[in-house]
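Hello,

Here is the structure I promised to pass on to you. Have a look at it first, and then read on for what turned up in it.

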Amino acid sequence: MRAVRYLLLLLALLGSQILVGVYLVMNGSLPPVPAYLLISFGVMPLMFALGADMIVGGYTIGFLTLGQRIRAAKRDAMATVPSAFQPDAGLAMLPGETLSLAVRRVHAHTARTILQAAALVLLFGGAGMIVIFSVLPDFSQSQLNPFTLLLPLNNSSLIKTPNTLDWIVLLCPLFWMGTFSWLSVNQHLSSLRSSVFADDRGVTVKRAFHRDEFLPWEHVTVFLWPGVAQPANEPFGGYILIGHKRNLRINITRIRADDFIFDNTKTANTLASALSSYVYEGGQEAYTANARCLLATIIVRSHTPLRVFTTQPSFLRLLFRRFPGRFLTIQQIESMPFAGAPWQPNPKAVEEAMSARGRIVARPRLRFWATFRAVVAGLLVALLLVTFATIIAAPAYSADSFSVIPSVTLPGALTLSPTAIIGLAAGAFLYLLSIPVAVVYAIQRQRTRFPIMIADDVGVTRITLGQSSAMTIPWSAIKAWGIIPPSSSSKMATYMLFTDTGKLIWRESEDAQLAGHAGMPDRLDAYRAQAEHFHALIVARTRLALREITSDLPTQA
């Protein structure tokens, strides 16, 4: 049902965008306002429209795929297999007993969420309305046009009155912004309180501002873990009870203490607030024990083991190959083979690292030509946008729009109107402003791709955009680490450090050079030696060998 709702929402969204676009093309015209101003306002609704399409489309594909796989699991026993992890049946409820798992948020910031949604409505919806106001002549040539107040023009055209279709098109951006803002607020409100109740009759799931969902034990045919990662010996995560006529989703969550240390005080305070924002009925230990009891009761009362899918969808496999760090868990990487030479630190280097003191800094030197190419690309994009705005701005005005500015005649009998001169001047000013932005963006992008890695007595630290972005994992929190070796299509090796609650990812290039005076005279060899010391210190402090991460999803069986 949820997939159908998202599919209908996607079709309605795409249909309204197409109809509004066609209506604007057929009935619109270039407005008598600065084109660069129109583009500035137009970028925001276009970004929102594209983002909304991608978000709703992603949810639609995900729910449709999950629904198809659930139907396959119901009719074909070969689509799923028993999970390697099974709840302990001895923990199941006895007849006559009841069980409750309740969670509520105490620092939900509901008022702030509603204000943010209202601000998005005003920002993106208002920008879309301004663009439509400017493009449709019935608005742009009426007293309702806001640009008439911002930029009075000597316009002798007859004042027009918008019709009903014009108003419908005008309200489309506001309607969709309001719709998505309400969905966001509704999702926030539903997360304020949630509970799972089990008794001799079955399981009931309750969420704030939603109807209760109930499934009797005798209706359960499949107990399914739908995730990519196979469940570990912990009860937390999302489960699906597949029944004869309906399905029931059960989410068991727990916010655990984070393993990361942040140098940025604001980030640390935000994380601490998030960790303390959930309250669990009976305390966290009781909640965990009841969660284990619930899973055990399900397999006992429904007479079906916990099952997992035998294969994963092709698009998930593609995503895993592109973003393996998003899907991997500690349990999966611990089942992968150990890395061989030259990636595995040699025993001699590890032995030397055990007695080493101080800190090791692997700081790759920013590549001049890579940074230069990124700067040039940014400047070209800015030049294209400014040039486009200037070209369409020049003929957009009447010659008497700014009578105080004289026209300029260029060689070849080319005359620039006063408004064209203003457009060119504004375009040149915007382009000059884009130069430092492009330079800073290029440098930040390079440093994000190749961060500074530090290993000291505390743990491993990654720095990307200055000291405020430093993220540290203590040595005691590291549970596993692995490498995605370079391939024929990429010269970069990707390393991952895993903890119980997250992972730290960085990349090292085969031709990286060590920055600073320590890298002289051969920066390439200096960086490679520093990286080898860095890897050896990880093995020495954690006693964990490096694993080689494969390029495909681990099997579920």
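Let me start with Thr 464, which is buried, with a relative accessible area of 16%. Please keep in mind as you read that this is a predicted model. Thr 464 sits in the loop that runs between β16 (459-463) and β17. Its C-alpha atom is separated by 9.0 Å from that of Arg 445, and the two residues are 19 apart along the chain.

Strand β17 itself covers residues 471-474, and Pro 474 is part of it. Pro 474 counts as buried because its relative accessibility is 17%, and the cut-off for buried is under 20%. Which distance separates Pro 474 from Gly 459, C-alpha to C-alpha? The answer is 4.2 Å, for two residues that are 15 apart in sequence.

Now for the chain as a whole. There are 557 residues in the protein chain, and 43% of them are buried. The secondary structure comes to 14 helices and 21 strands. If you take the contacts between residues at least 6 apart in sequence, 69% of them join residues at least 24 apart. The accessible surface is about 30200 Å², with 63% of that area belonging to carbon and sulfur atoms.

Two packed helices are described by the angle between their axes and the distance between the axes. Helix α3 (residues 110-135) packs against helix α6 (residues 164-190) at an angle of about 165°, and the axes are 8 Å apart. That angle makes α3 roughly antiparallel to α6, because angles over 145 degrees count as such. The crossing in which α3 passes α6 is right-handed. On the α3 side, the residues making the contact include Thr 110, Ile 114, Leu 120, Phe 124, Gly 125, Gly 128 and Phe 133. From α6 come, among them, Val 169, Pro 173, Met 177, Gly 178, Ser 181 and His 188. How many residues of this contact are nonpolar, polar and charged? They divide into 15 nonpolar, seven polar and no charged.

The loop between α8 (284-302) and β11 (306-309) is worth a look too, and Thr 304 lies in it. Is Thr 304 buried or exposed? Thr 304 counts as buried, since its relative accessibility is 7%. Leaving aside residues up to four places away in sequence, Thr 304 touches Val 220, Thr 221, Val 222, Phe 223 and Ile 299. His 303 lies in the loop between α8 and β11 as well, but His 303 counts as exposed, at 71% relative accessibility.

For your backbone checks, here are a few details. His 303 has a positive phi of about 60° although it is not a glycine. Phe 209 is not a glycine either, and its phi is positive at about 65°. You will find Phe 209 in the loop between β4 (202-207) and β5 (213-216), where Phe 209 is exposed with a relative accessible area of 60%. The peptide bond from Ala 341 to Pro 342 is cis, with omega near 0°. Pro 342 belongs to the loop between α10 (330-334) and α11 (347-354).

Best wishes

Notes:
Residues numbered from 1 in each chain as written. Predicted model: local features only at pLDDT ≥ 70, side-chain atom pairs only at ≥ 80, totals over all residues. Heavy atoms only, no water. Axes fitted to C-alpha atoms, helices over the stretch in contact; angles between N-to-C directions. Helix = DSSP H or I, 4+ residues; strand = E, 2+ residues; numbered from the N terminus. Parallel < 35°, antiparallel > 145°, perpendicular 65-115°, else oblique. Left-handed = near helix turned anticlockwise from the far one by under 90°. Contact = heavy atoms within 4.5 Å. Nonpolar A, V, L, I, M, F, W, Y, C, P; charged D, E, K, R; others polar. Buried < 20%, exposed > 50% of the residue type's maximum accessible area, 1.4 Å probe, protein only. Areas by Shrake-Rupley, 256 points an atom, 1.4 Å probe, with all protein chains shown as cover.
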